[in-house]
Amino acid sequence: MKRSVQFLITMGFILTVCLTLSSCKKYTCQCTAYSGNNPEPGSYGTFTVKGSAAKRKRDCNDHSTKPDANGSYTQCVIK
């Protein structure tokens, strides 16, 4: 009984450490600007995002823009 309790505590600790490290991992979000009258991508920009997969995706996608009156827009993806 004592061994199984120690095993469960150890596994809980290892799981906590793994989850903490994975949530701190940094990813690069790359944004590309597109001009309405030029099909080729324009400038690129990058920044760092971290956190859970959903938070990383949301933080990166929040920098994307919809096409404006001239058709220019920015698209951001995690690289």
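I took buried to mean under 20% relative accessible area, exposed to mean over 50%, and partly exposed to mean in between, with a 1.4 Å probe and protein chains only.

**Basis of the entries**

The model I examined is predicted: local features need pLDDT of at least 70, side-chain atom pairs count only at pLDDT 80 or more, and totals for chains, interfaces and linings use all residues. Residues are numbered from 1 along each chain as its sequence is written, and side-chain values use heavy atoms, with hydrogens and water left out.

**Entry 1: disulfides**

I counted a disulfide where a pair of cysteine sulfur atoms lies within 2.5 Å. For helices (H or I, at least four residues) and strands (E, at least two) I used DSSP runs, numbered from the N terminus.

How many disulfides does the structure hold? I found 2 disulfides. With bonded cysteines counted along the chain, their pattern is 1-3, 2-4.

I looked up Cys 29 and Cys 60, whose sulfur atoms are 1.8 Å apart in a disulfide. This pair links distant parts of the chain, since Cys 29 is in strand β1 (residues 26-35) and Cys 60 is in helix α2 (residues 53-61), 31 residues apart. The link of Cys 29 and Cys 60 is right-handed, with 75° about the S-S bond. Cys 29 has a relative accessible area of 0% and is therefore buried. Cys 60 counts as buried because its relative accessibility is 1%.

I then turned to Cys 31 and Cys 76, which form a disulfide with sulfur atoms 2.0 Å apart. Cys 31 lies in strand β1 and Cys 76 in strand β3 (residues 73-78), so this pair ties together parts that are 45 residues apart in sequence. I read 110° about the S-S bond of Cys 31 and Cys 76, and the link is right-handed. Is Cys 31 buried or exposed? Cys 31 counts as buried because its relative accessibility is 11%. Cys 76, at 3%, also counts as buried.

**Entry 2: the sheet**

I treated two strands as paired if DSSP finds at least two bridges between them. In which order do the strands of the open sheet run? I noted 3 strands in the order β2-β1-β3, with antiparallel pairing. Strands β2 (38-50) and β3 stand at the edges with a single partner strand each, so one side of each has no neighbour in the sheet. From one strand to the next, the twist averages 20°; for such angles, axes are lines fitted to C-alpha atoms, for helices over the stretch in contact, and the angles run from 0 to 180 degrees between N-to-C directions.

I recorded 9 bridges between β1 and β2, in the antiparallel sense.

**Entry 3: helix α2**

I took contact to mean heavy atoms within 4.5 Å. Helix α2 lies across β1, β2 and β3 and runs at about 135° to β2.

I defined a salt bridge as a side-chain nitrogen of Lys or Arg within 4 Å of a carboxyl oxygen of Asp or Glu. The count by this rule is 1 salt bridge. The side chains of Asp 59 and Lys 55 form it, at 2.8 Å from N to O. Both residues lie in helix α2, 4 residues apart, which is about one turn of the helix. Asp 59 is partly exposed at 21% relative accessibility, and Lys 55 is partly exposed at 34%.

**Entry 4: Ala 69**

I located Ala 69 in the loop between α2 and β3. Ala 69 counts as exposed because its relative accessibility is 86%. The C-alpha atoms of Ala 69 and Gly 36 are separated by 8.8 Å, and these residues are 33 residues apart along the chain.
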